[in-house]
There are 2 protein chains.
Amino acid sequence: MPERVDGRRRRGDRRRRTLLDATLQVIGRDGLAAVTQRAVAAEAELPPSAVYYYFPTLDDLVTAALVDVNDRFLAELAALPDGDDALRAIAVATVESTRGRRVEVLAELELWMLATRRETLRGEVDRWNAGLRDAAARLTDDPCAIDALVAVLNGYYWQAVTSSRFGVEQLEAILRHVTGDRRTQD
Amino acid sequence: MPERVDGRRRRGDRRRRTLLDATLQVIGRDGLAAVTQRAVAAEAELPPSAVYYYFPTLDDLVTAALVDVNDRFLAELAALPDGDDALRAIAVATVESTRGRRVEVLAELELWMLATRRETLRGEVDRWNAGLRDAAARLTDDPCAIDALVAVLNGYYWQAVTSSRFGVEQLEAILRHVTGDRRTQD
DNA sequence: TATGTTGTGGAGCAAACGCTCAACAAGTGG
DNA sequence: CCACTTGTTGAGCGTTTGCTCCACAACATA
């Protein structure tokens with residue numbers, strides 16, 4: 001059943017999404033401090049007052065945008081194939097997600113900074129860590145290696161955005177090193 | 001030779017330092033967005049106009065503060081003992097520096113976010129990575145392991161500040177795992 | 001003491017800020 | 001057509017922002 005919805009609501013939801021995307025773009029490009037009613041509205045090509053129609057306060061906008069980007073990252077992580085190629089798949093996906101979407105990754109990182117100060121966002125950090133741990137647990141059973149993998153992946157996101165010169169091969173080699181898979185690279 | 005200096009300049013330098021410390025405190029506590037002339041002045045218990053006497057713009061203040069915290073972290077890293085206990089020393093120092101100085105670590109992390117957008121701060125990130133790599137290179141010769149160690153340590157700072165539940169033993173075990181030292185923990 | 005240098009801080013301006021509001025357009029159901 | 005709901009918007013309020021300015025205090029040199 002296609003669930004006949006109000007045409008007005010449908011368009012409204014689209015504008016809501018546009019605002020969310022614009023917010024992520026602003027955060028990733030200019031940082032959290034640059035998120036203002038005017039800046040987001042300009043990025044979304046919407047009148048400034050639209051912001052406060054869809055979100056009670058600017059803070060709610062930011063929170064919603066960050067939950068949104070977390071959702072997408074975790075969905076991507078969870079969708080990765082299991083089995084033999086799991087390690088390479090994680091390496092490829094991680095490198096891909098930082099190469100093509102630098103802005104989103106930067107926004108995601110700013111979420112964490114914010115989450116350390118906002119009690120309400122703490123849950124999002126836990127979700128991220130749990131998702132990452134699940135992915136790491138597919139590569140090894142050694143709990144210590146899992147810890148190391150989670151740290152490596154977190155560190156990778158960090159370095160990729162700041163110094164950005166890691167390739168797939170390098171990351172894959174590191175992951176293999178940590179999991180104890182001493183197979184050499186071609 | 002004690003280098004007889006102008007008493008006015010001496011007091012001025014002290015106020016400069018006070019402003020730098022206050023800035024780091026504000027950044028660590030409330031984030032980069034909270035750094036305003038009034039907020040920093042209040043934190044330093046100085047009149048607002050003092051800020052613009054010592055720093056041309058707010059941006060210069062922030063930059064100076066972040067270079068400052070980088071200096072201190074790197075000095076600490078470089079001062080770590082070499083030799084047999086190097087690994088444990090790094091683990092202990094890393095955990096210590098995140099436990100006792102959460103605010104400074106948070107400020108340091110914000111440097112990175114800023115550095116990705118500010119060309120002038122790019123050098124500071126390179127300094128940090130080089131320092132970290134030097135420390136890691138004392139633990140192993142395997143270049144792949146060094147990469148892994150740098151990523152792990154970066155990831156650790158990240159996790160320590162956001163989820164904060166890593167102990168010395170856990171970090172030490174991870175480092176040993178990555179360096180290939182399979183010695184069991186007591 | 002007189003003269004120059006350095007440090008100090010309150011007042012305040014122009015711009016940008018978060019946010020409210022009241023008027024209006026667009027769509028829905030009868 | 002009609003009420004009714006929902007979406008949309010420009011004007012603008014009170015506040016805060018980054019930053020300037022200028023009168024003046026503190027100190028150094030002579």
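**Helix packing and contacts in a predicted model**

User: With which handedness does α7(A) pass α8(A)?

Analyst: The coordinates belong to a predicted model. In chain A of that model, the crossing in which α7(A) passes α8(A) is right-handed.

User: What is the orientation of α8(A) relative to α9(A)?

Analyst: α8(A) and α9(A) pack with their axes 9 Å apart, at an angle of about 160°. Angles over 145 degrees count as roughly antiparallel. The packing therefore makes α8(A) and α9(A) roughly antiparallel.

User: What is the handedness of the crossing of α8(A) and α9(A), and how many nonpolar residues does their contact hold?

Analyst: The crossing of these two helices is right-handed. In α8(A), Ala145(A), Ala148(A), Leu149(A), Val152(A) and Tyr156(A) meet Leu171(A), Ile174(A), Leu175(A), Val178(A) and Thr179(A) in α9(A). The contact of α8(A) with α9(A) has one polar residue and no charged residues, while the nonpolar residues number nine.

User: At what angle do α8(B) and α9(B) pack, and what orientation does that give?

Analyst: In chain B, helix α8 covers residues 143-162 and helix α9 covers residues 168-179. Their axes lie 9 Å apart, and the angle is about 160°. That angle makes α8(B) and α9(B) roughly antiparallel.

User: Which residues make the contact of α8(B) with α9(B), and how many of them are polar?

Analyst: α8(B) passes α9(B) in a right-handed crossing. The contact is made by Ala145(B), Ala148(B), Leu149(B), Val152(B) and Tyr156(B) of α8(B), together with Leu171(B), Ile174(B), Leu175(B), Val178(B) and Thr179(B) of α9(B). Nine residues of this contact are nonpolar and none is charged, which leaves the polar count at one.

User: Which helix gives the largest share of the side of chain A that touches chain B?

Analyst: The contact takes 32 residues from chain A and 33 residues from chain B. On the side of chain A, α6, α7, α8 and α9 each supply at least two residues. The largest share, 13 residues, comes from α8(A).

User: Which helix gives the most residues to the surface near DNA strand C?

Analyst: DNA strand C is surrounded by 22 residues, and the closest are Gly7(A), Thr36(A), Gly12(B), Pro47(B) and Ser49(B). α1, α2 and α3 of chain A, with α1 and α3 of chain B, each supply at least two residues of this surface. By class, the surface has eight nonpolar, seven polar and seven charged residues. With five residues, the helix that gives the most is α1(B).

User: How many helices and strands does chain A have, and in which helix is confidence highest?

Analyst: The secondary structure of chain A comes to nine helices and zero strands. The mean pLDDT of chain A is 89, and 94% of its residues reach 70 or more. Confidence in chain A is lowest in α6(A), at a mean of 89. The highest value, 97, is found in α2(A).

Notes: Residues numbered from 1 in each chain as written. Chains lettered and ligands numbered in written order. Predicted model: local features only at pLDDT ≥ 70, side-chain atom pairs only at ≥ 80, totals over all residues. Axes fitted to C-alpha atoms, helices over the stretch in contact; angles between N-to-C directions. Helix = DSSP H or I, 4+ residues; strand = E, 2+ residues; numbered from the N terminus. Parallel < 35°, antiparallel > 145°, perpendicular 65-115°, else oblique. Left-handed = near helix turned anticlockwise from the far one by under 90°. Contact = placed C-beta atoms within 7 Å. Nonpolar A, V, L, I, M, F, W, Y, C, P; charged D, E, K, R; others polar. Near = placed C-beta within 6 Å. pLDDT = per-residue confidence, 0-100.
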